[in-house]
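Please examine the sequence and the three-dimensional structure shown below.

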Amino acid sequence: MPRLSEVDRHRALGLLQAGLPISEVSLRMNVNRTTIFRLRQRLPETDTVSDRSCSGRLRSTTQRQDINLVRNHMNNRFLSASASSRQTRGRNNQRISANT
């Protein structure tokens with residue numbers, strides 16, 4: 001199922017205000033009925049249709065370190081990921097895994 005953009009969320013709310021049932025709006029927007037139901041339910045609670053902020057996982061490297069890692073691998077294509085992780089320290093001087 002595709003995610004609704006903010007414009008589509010406003011469009012869905014407009015269709016609901018025009019009197020269309022949730023099932024009809026969900027068919028027109030090609031999303032699940034619960035998506036439209038939650039959107040309608042969230043509007044009075046938060047006064048917005050935008051995504052809620054989420055904490056997410058903390059990044060283990062900074063953006064500058066990411067750029068340097070890519071640059072090093074482009075210059076030396078035979079450099080292994082484990083060698084790269086040994087050379088680079090993450091945030092707070094933590095070791096980073098080879099998968100990173």
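## The loop residue Asn30

Asn30 is partly exposed, with a relative accessible area of 47%; buried means under 20% relative accessible area, exposed means over 50%, and partly exposed lies in between (1.4 Å probe, protein chains only). Asn30 belongs to the loop between helix 2 and helix 3. Helices here are DSSP runs (H or I, at least four residues), numbered from the N terminus.

The backbone of Asn30 has a positive phi of about 60°, although Asn30 is not a glycine. Most residues other than glycine have a negative phi.

## Basis and confidence of the model

This is a predicted model, in which local features need pLDDT of at least 70 and side-chain atom pairs count only at pLDDT 80 or more, while totals for chains, interfaces and linings use all residues. Residues are numbered from 1 along each chain as its sequence is written, and side-chain values use heavy atoms, with hydrogens and water left out.

The chain has a mean pLDDT (the predictor's confidence in each residue, from 0 to 100) of 82, and 91% of its residues reach 70 or more. Where pLDDT is low, the predicted coordinates should not be read in detail.

## Helix 2 against helix 3

Two packed helices are described by the angle between their axes and the distance between the axes. Axes are lines fitted to C-alpha atoms, for helices over the stretch in contact, and angles run from 0 to 180 degrees between N-to-C directions. The axes of helix 2 (residues 22-29) and helix 3 (residues 33-46) cross at roughly 115° and come within 8 Å. The two helices are therefore roughly perpendicular to each other; angles of 65 to 115 degrees count as roughly perpendicular, under 35 as roughly parallel, over 145 as roughly antiparallel and the rest as oblique.

The crossing of helix 2 with helix 3 is right-handed: a crossing is right-handed if the near helix is turned clockwise from the far one by less than a right angle, and left-handed if anticlockwise. On the helix 2 side, Ile22, Ser23, Val25 and Ser26 meet Arg33, Ile36, Phe37 and Arg40 of helix 3, where contact means heavy atoms within 4.5 Å. By class, this contact has four nonpolar, two polar and two charged residues. Ala, Val, Leu, Ile, Met, Phe, Trp, Tyr, Cys and Pro count as nonpolar, Asp, Glu, Lys and Arg as charged, and the others, Gly among them, as polar.

## Ser26 and Ile36

Ser26, in helix 2, is buried, with a relative accessible area of 5%. Leaving aside neighbours within four places in sequence, Ser26 is in contact with Val31, Asn32, Arg33 and Ile36.

Ile36 is placed in helix 3 and counts as buried at 0% relative accessibility. Beyond its neighbours within four places in sequence, Ile36 is in contact with Leu4, Ala12, Leu16, Ile22, Val25, Ser26 and Val31. The C-alpha atoms of Ile36 and Ser23 are separated by 8.4 Å, and these residues lie 13 residues apart along the chain.

## Helix 1 against helix 2

Helix 1 (residues 6-17) and helix 2 have axes that come within 10 Å and cross at roughly 145°. Helix 1 passes helix 2 in a right-handed crossing. Asp8, Arg11, Ala12, Leu15 and Leu16 of helix 1 meet Ile22, Val25, Arg28 and Met29 of helix 2. The residues of this contact divide into six nonpolar, no polar and three charged.

Arg28, in helix 2, counts as exposed at 52% relative accessibility. Apart from neighbours within four places in sequence, Arg28 is in contact with Leu15 and Leu20. The C-alpha atoms of Arg28 and Ala12, 16 residues apart along the chain, are separated by 8.7 Å.

## Helix 1 against helix 3

Helix 1 and helix 3 pack at an angle of about 85°, with their axes 10 Å apart. That makes helix 1 roughly perpendicular to helix 3. Arg9, Ala12, Leu13 and Leu16 of helix 1 make the contact with Ile36, Leu39, Arg40 and Leu43 of helix 3. By class, the contact of helix 1 with helix 3 has six nonpolar, no polar and two charged residues.

Arg9, in helix 1, counts as buried at 10% relative accessibility. Leaving aside neighbours within four places in sequence, Arg9 is in contact with Arg3, Leu4, Leu39, Val49, Ser50 and Asp51.
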